[in-house]
Amino acid sequence: MAYNLLKGKRGIIFGALDNKSIAWKTAERVHEEGGRFVLTNAPVALRMGTLSELGDKTGAEIIPADATSLEDLESLVEKAQEILGGKLDFVLHSIGMSINVRKNKPYTENNYSFTEKGWDVSALSFHKTMQVLYKKEAMNEWGSILALTYAAAQRVFPDYNDMADNKAYLESIARSFGYFFSEKFKVRVNTISQSPTPTTAGTGVKGFDGFMAFADKMAPLGNASAEDCADYIIAMFSDLTRKVTLQNLYHDGGFTKMGVSNDVMTIFERGMEK
Ligand SMILES: NC(=O)c1ccc[n+]([C@@H]2O[C@H](COP(=O)([O-])OP(=O)(O)OC[C@H]3O[C@@H](n4cnc5c(N)ncnc54)[C@H](O)[C@@H]3O)[C@@H](O)[C@H]2O)c1
């Protein structure tokens, strides 16, 4: 169901890799709601992924940019405004990567050069993106900037590894930079804390399937899917949420407010009867 909520709005969507990506689902929904955008991803991801398919489907140009490179980000923000014909109304940062996770380095044995690279990609890139947008005065008043995060920023999920620290840093950047963006340009900055979702980044975490099933049983509404997340992002890009800023918004079916659910208790009680 489309409501034309983003008619006339322009933006940048980072991080669509394949049709499972949260950014991919978001781009499809933004297109349905009348928004126009450019798609971007790291050059290496463009070679591996299928982004041109999404570009064709949504009429979006693709601009390669490594989100850790200020030079790439500057060129991206300039080109996006040229292509779309003016300042931007929305930006989605949907980027995450941990080399410690990829290489199965447990948290207690992290390799710090991997840690630094993962932090740069997953957290600092959000500061860099906003700094470029801020300096270039590239956002329209009442625009909306969003990044995606996970509840391991507040709670312990052992196999989420150093991504937990990266997400805590990312959420702090949203608050800190969000203050300056909201005050000077009336642009809101928020993070959405999403349920476990079966994407390339998600399934890379050890024990993902078991954990996703557990989260689904804990959450009274069940896990939020990538499509659900795209819908929430549309709401946050629309004019209906103009005074929401500096927030970390949980989008997890209620998971983070739970202690235990009847469904999880039933499974444990069954196990004890054996
Ligand atoms: N999947 C989950 O369970 C889950 C849960 C909560 C939050 N998130 C967050 O959602 C966001 C999107 O991830 P996803 O689950 O859609 O997975 P995904 O693997 O589809 O997307 C991650 C993207 O980051 C991009 N990326 C990596 N390095 C980059 C760089 N240097 N420059 C630019 N882009 C780069 C990748 O190419 C990829 O497109 C991430 O921030 C992730 O941490 C995911």
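This is a predicted model: local features need pLDDT of at least 70, side-chain atom pairs count only at pLDDT 80 or more; totals for chains, interfaces and linings use all residues.
Which residues in H6 meet which residues in H7? Residues are numbered from 1 along each chain as its sequence is written.

**View 1. Seven strands line up in an open, parallel sheet.** The order to follow is E3-E2-E1-E4-E5-E6-E7. Strands (E, at least two residues) and helices (H or I, at least four) are DSSP runs, numbered from the N terminus, and two strands pair if DSSP finds at least two bridges between them. E3 (62–64) and E7 (248–251) sit at the edges with a single partner strand each, so one side of each has no neighbour in the sheet. On average, neighbouring strands are turned by 20 degrees against each other, direction ignored. Look at E2 (residues 36–41): E2 pairs with E3 in the parallel sense over three bridges, and Leu39 stands opposite Ile62 in E3.

**View 2. Helix H1 (residues 22–32) packs on the sheet.** H1 touches E1 (10–14), E2, E4 (88–93), E5 (139–149) and E6 (188–194); a contact here means C-beta atoms, placed from the backbone, within 7 Å. The direction of H1 makes about 160 degrees with that of E1. For such angles, axes are lines fitted to C-alpha atoms (for helices, over the stretch in contact), and values run from 0 to 180 degrees between N-to-C directions. H6 (residues 112–135) packs on the sheet too, touching E4 and E5, at about 165 degrees to E4.

**View 3. H1 meets H10 (residues 226–237) at an angle of about 50 degrees, with axes 8 Å apart.** That makes H1 oblique to H10 (under 35 degrees counts as roughly parallel, over 145 as roughly antiparallel, 65 to 115 as roughly perpendicular, and the rest as oblique). Among the residues making the contact are Ile22 and Val30 of H1, and Ile233 and Ile234 of H10. The contact divides into seven nonpolar, one polar and four charged residues. Here Ala, Val, Leu, Ile, Met, Phe, Trp, Tyr, Cys and Pro count as nonpolar, Asp, Glu, Lys and Arg as charged, and the others, Gly among them, as polar.

**View 4. H6 and H7 (residues 163–185) cross at roughly 10 degrees, their axes coming within 8 Å.** The two helices are therefore roughly parallel to each other. And the opening question? Gly118, Trp119, Ser122, Ala123, Phe126, His127, Met130 and Tyr134 in H6 meet Met163, Asn166, Tyr169, Leu170, Ile173, Phe177, Phe180 and Phe181 in H7. By class, that's twelve nonpolar, four polar and no charged residues.

Definitions and conventions. Two residues are in contact if their C-beta atoms, placed from the backbone, lie within 7 Å.
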